[in-house]
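Dear colleague,

I am handing over the structure that we discussed, and I would be grateful if you could look through it alongside the notes that follow.

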Amino acid sequence: MVDPIDEYVIQQLKEYDGKKLKNCSKEGLELCASEDEKKKFEEQKASFEPLCKIIKELLGDKVEKVQVGQRISDSPCVLVTGEYGWSANMERIMKAQALRDASTGSYMVSKKTMEINPNHPIIIELKKRSETD
């Protein structure tokens with residue numbers, strides 16, 4: 001889904017052929033997992049909570065919150081938009097509109113959530129260093 005019209009269509013089309021559609025660039029994405037995987041994720045979430053607080057303090061108002069994510073496998077982190085706000089692609093489309101006025105910029109920007117990958121070597125090293133210093 002790369003066309004600008006896709007953003008508008010998917011906002012209205014919540015289900016297709018019995019399958020619910022979910023935007024993976026927004027927070028709250030839950031992937032189907034077994035009970036063991038869910039338990040492991042909850043343990044990781046608890047152990048990385050101090051690191052999340054440190055990162056949030058460092059970033060301040062640039063992000064709404066920092067949390068452990070389960071959607072990424074290769075990257076150390078990802079920025080996602082709020083569950084009910086505009087996606088980053090929709091913000092880009094609206095900013096490109098020729099007839100927009102200056103006042104739209106304030107309500108268009110949605111708060112970003114930073115999700116960290118608890119299995120990435122960079123994040124693991126950051127956790128070790130934050131615990132020692």
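This is a predicted model: local features need pLDDT of at least 70, side-chain atom pairs count only at pLDDT 80 or more; totals for chains, interfaces and linings use all residues.

Residues are numbered from 1 along each chain as its sequence is written, and side-chain values use heavy atoms, with hydrogens and water left out.

I start with helix α3, residues 49-59, where helices (H or I, at least four residues) and strands (E, at least two) are DSSP runs numbered from the N terminus. Its buried residues are L51, C52 and I55; buried means under 20% relative accessible area, exposed over 50%, and partly exposed in between, with a 1.4 Å probe and protein chains only. These residues lie on the same side of α3 because they cover an arc of only 100° around the axis, the arc being that of the directions from the helix axis to the C-beta atoms. An α-helix has 3.6 residues a turn, so residues three or four places apart point the same way. The face of α3 turned away from the buried side carries the exposed residues K53 and E57, and just after the helix G60 takes a positive phi of about 60°.

The buried residues of α3 pack against β3 (65-68), β5 (112-116) and α6 (121-132). Leaving aside its neighbours within four places in sequence, M114 is in contact (heavy atoms within 4.5 Å) with residues including I55, V63, V66 and L79.

On the outside, Y84 is found in the loop between β4 (77-81) and α4 (88-95), and at 76% relative accessibility Y84 counts as exposed. Y84 and S110 are 26 residues apart in sequence and 9.2 Å apart in space, C-alpha to C-alpha. Another tyrosine, Y16, is found in strand β1 (residues 15-16) and is exposed, with a relative accessible area of 56%.
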